[in-house]
Amino acid sequence: MNIHTYEKFWLGASMVLIVGFILTITYGSVGLGIAMVDDSEPTINPENVGDHPDFGDPGVEQVGENEYVVHVVAVQFAYFPGEIEVPADSTVTFKLTSEDVIHSFSVVGTNANTMIIPGEIASVTVEADEPGEYGIVCSEYCGSGHHDMEGKLTVVPQDEFELEGDE
Amino acid sequence: MSSELEREIGHDEFDPVGTLGLITIYFLILVVLWIFMYFVEFAGGDLTVVGVVV
Amino acid sequence: MRVSRAGLLVAIVIMVPIIVELRTVVVHLGFDVSLAETALFGAMMIGALVLWAMAPDIRGREPNGE
Amino acid sequence: MSTESGTFLDQFPAEAKVVRTAFYSSFVALFVGALMGILQVLHRTDVLRIVDSADYYSLLTLHAVLLVLSFSVFFLVGIFTWAVTTSLDRGLQDLRYTWAWYGLMALGTLLAGIAVLGAFIPGLDMSAAVLYTFYAPLQAHPFYYLGLALFIVGTWLAGLDWFRSWWAWKKDNPDERIPLPTFMALTTTLFWILSSAGVAVSVLAFLLPWSLGIIDQVNALLTRTLFWYFGHAVVYFWLMPAYLLWYTMLPKISGGKLFSDPLARVVFVLFLILSTPTGIHHQYLDPGIAEGFKFIAMVNTMFLLLPSLLTAFTVVASMEHGARQRGGSGLFGWLRALPWRDPVFTGMALAGLMFAAAGFSGMINAGMNINYLVHNTWWVVGHFHLTVGTAVALTFMAATYWFLPQLTGKAIWSKSLGLVQVLVWFVGMTFMSNSMHRQGLIGVPRRTAEPQYSGFDYEVAVGSMAELNMQVIIGGTLLFISTLLFLTVVVMTVIGDKVDGLPDNGYADTLSGPEDAPLVLDNLKLWAGIAALLVILAYSLPLAAIITRGGILGPGGSPSPQFVDTLLFVGRVAADTVGGVIA
């Protein structure tokens, strides 16, 4: 099998490209610490989400200094809670599950983006640095009212933040 | 088609130098765009996803 | 003509994505270019292409792309 | 190649009729699908909303199913039938069998189409607004799943038809290499059967029984994973016939020869072994799947770039060979010597150019963590409108200008209009796809009737949202016009008169022929075995993990909407009526 020299060159360049892509992604995972949504959370029965200790009363919860967990339940066609407020300069973990069909939790214009699959709990941890307001949309078609499914995430300056129910 | 041919070029006398030129340009575009997309659009974006499991 | 009429038409069509993407690149580099300026610039580029194509071929013969 | 000269119609009139019918079926699907496309463009951009936003999703389902399944697959079974028949120079084994698989495919499309359109018929409690991916627990009418199943079984039988031809040919020609076009059809068939087994299991074991009320719930992540087991390989099923045309027709039309037959074989073998164990890259953002499995899928996907990158070189080099034989010279000056006047050539070349652009957005999509940026945004839609929507669709339309005379014995009604048509498609797709990519990067979701939300505004980096939407409207309109031009040329050609002096049937010669290819490349059993092994390696652990986590039938979530009750009710009414009549 004789391959033209130029094509051999291109074969080499293609391999460089492919390996380079894989190395970039690996650097993102290891060097930048970008983790994927995975199977670290237990499964959940979508019919009993309301009885779940965390998802029964979803919302923002402080779990450490500058560390927060937000439990969100997605249903056709809303998020509970629909409006989320977290402080700036904090680490926020979103834990998301669905009571009915597949949804997504996509914070518009940011990297916070995950599928929500009934039976599974999606967990995404993000660093909220600057104050700002973001829209949240369901980017996975979930039924006839899919386009109405939205929420809001507000990152407020630390001194303005207070947890719901706190005095 | 053969009626339009001006000359017959065989296997050994053909070096696809133009193809090599075009594909090199393509290669450079890919590399530049990949770096831009990964490090500017993605890694430089807001709400960086991290692996801290709380 | 340096290229066939069909060849010129195809070249003009291929200019369209180049013009469209050029604007995105230029704006990302920090120069603000409006839609109208892009259109004007695009028209100039296509005009230049047409002029180049219309000029007599230096080799003095018709291309056989027709 | 054929000993008898003449068109395909002269050589194989009965097979030409099969191919013709498959093409016409595909064109009908193209028309309806394109109509749905323009309606969606106008709906999403809020220019004209003739249906309720709740019904938009039925239009979207129809658009996707008709274009990516019916249009492309009907056309490709036509191409492969032509390729096998022409390159083996023998007719199909049994045309009754051939018409049977065609009939199954047509019936399948019809059933699925009826299920979707049922949503618009008042009083008929039928719908299938589940989109092309039909993720459970969204539920469609059983007709939809049944239709898809019949359609896929039809394609399997078609694949078997090509194998039967080859087996028969091999008996007569035991020592010959498999002709390249046949080799391409056979390798494609193999990975198609391997991959579509996943969706067949999903539909027949879970979704169909569930929609009929036999089982109560399904495991949403399991059926979704089985869909994507098939869902990425299917894109190569669409793409391979376009590759076949680029490898075997484009060099000939450029006036040259295929640069390398052995490399073409290598490319198709790579597609056979790598197409299926990559599907999890559509599930990078799915909970319930370990990061390691996602990484493995990414590595496989990245290596799947290799055959496409090799194709780019081989095909462009073949075109360059043609251009230089036609008198072209210089580093890039040879480009001027290509037959740009010919819509067959120009359409395929522009399709290839757009595929190069699509290659880039595909590389981004293949990247694991960068998927957070683009997943389920309009970027993805922009990407596949460049691949299946242009690399495949435009190649097919361009090829039609060559095939139609071969199949009907009639000359193309207007080649100039054909040229205009392919150029309009290119410009239209430039605008539409560019805007889709850019809207995706600012977070505009795909698959939504109204991307306008009340609580926030998109932050547009360049220009404005209105301007980006205008690009989509202009692009979509041009694409629709291009489709109408295409169908006009087809219809006018078909109703025209037969002419003499059409070019002979055939395909490109090679510069480096099959004799340069190692014999092992033709060992289909070996490659199919490796492909199956890789699939088992890539999928057994993720599937086992998913089933262990959630159970084979759950935890599922409730079906939405439910048809079971209606079905039972209709069944009872029917039984009562029949009972009453008999009594």
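**Exercise 1. Find Val489(D) in this predicted model and decide whether Val489(D) is buried or exposed.**

Solution. 
Step 1: Locate the residue. Val489(D) sits in helix α17 of chain D, which covers residues 465–494.
Step 2: Look up the accessibility. The relative accessible area of Val489(D) is 0%.
Step 3: Apply the cut-off. Buried means under 20% relative accessible area, so Val489(D) is buried.
Step 4: Gln421(D) is 68 residues away from Val489(D) in sequence, and their C-alpha atoms are 9.3 Å apart in space.

**Exercise 2. Work out which strands pair with β8(A).**

Solution. 
Step 1: Find the strand. β8 of chain A spans residues 122–128, and Glu127(A) belongs to it.
Step 2: Check its cover. Of the 7 residues in β8(A), 6 are buried, so the strand is mostly covered.
Step 3: Look within chain A. Strand β5, residues 90–98, pairs with β8(A) in the antiparallel sense over 7 bridges. Here Val92(A) has Val126(A) as its bridge partner.
Step 4: Now cross to chain B. Strand β1 of chain B, residues 48–50, is joined to β8(A) by 3 bridges, and these two strands also run antiparallel. In this pairing, Thr48(B) is the bridge partner of Glu127(A).

**Exercise 3. Explain why Glu127(A) counts as partly exposed, and say which residues form a negative surface patch with it.**

Solution. 
Step 1: Read the value. Glu127(A) has a relative accessible area of 32%.
Step 2: Compare it with the limits. Partly exposed lies between the buried limit of 20% and the exposed limit of 50%, which is why Glu127(A) is partly exposed.
Step 3: Gather the patch. Chain A also gives Asp89(A), Asp129(A) and Glu130(A), while Asp46(B) and Glu459(D) come from other chains.

**Exercise 4. Describe chain B and the nonpolar surface patch that includes Val17(B).**

Solution. 
Step 1: Start with the elements. Chain B has 1 helix and 1 strand.
Step 2: Chain B has 54 residues, and 35% of them are buried. The chain exposes about 3,000 Å², with carbon and sulfur atoms supplying 63% of that area.

Notes: Residues numbered from 1 in each chain as written. Chains lettered and ligands numbered in written order. Predicted model: local features only at pLDDT ≥ 70, side-chain atom pairs only at ≥ 80, totals over all residues. Heavy atoms only, no water. Patch = residues over 30% accessible without salt bridge, like charges linked within 9 Å, V, L, I, M, F, W, Y side chains within 5 Å. Areas by Shrake-Rupley, 256 points an atom, 1.4 Å probe, with all protein chains shown as cover. Salt bridge = Lys/Arg side-chain N within 4 Å of Asp/Glu carboxyl O. Lys, Arg positive; Asp, Glu negative; His and termini not counted. Charge placed at Lys NZ, Arg CZ, Asp CG, Glu CD. Helix = DSSP H or I, 4+ residues; strand = E, 2+ residues; numbered from the N terminus. Buried < 20%, exposed > 50% of the residue type's maximum accessible area, 1.4 Å probe, protein only. Pairing = 2+ DSSP bridges.
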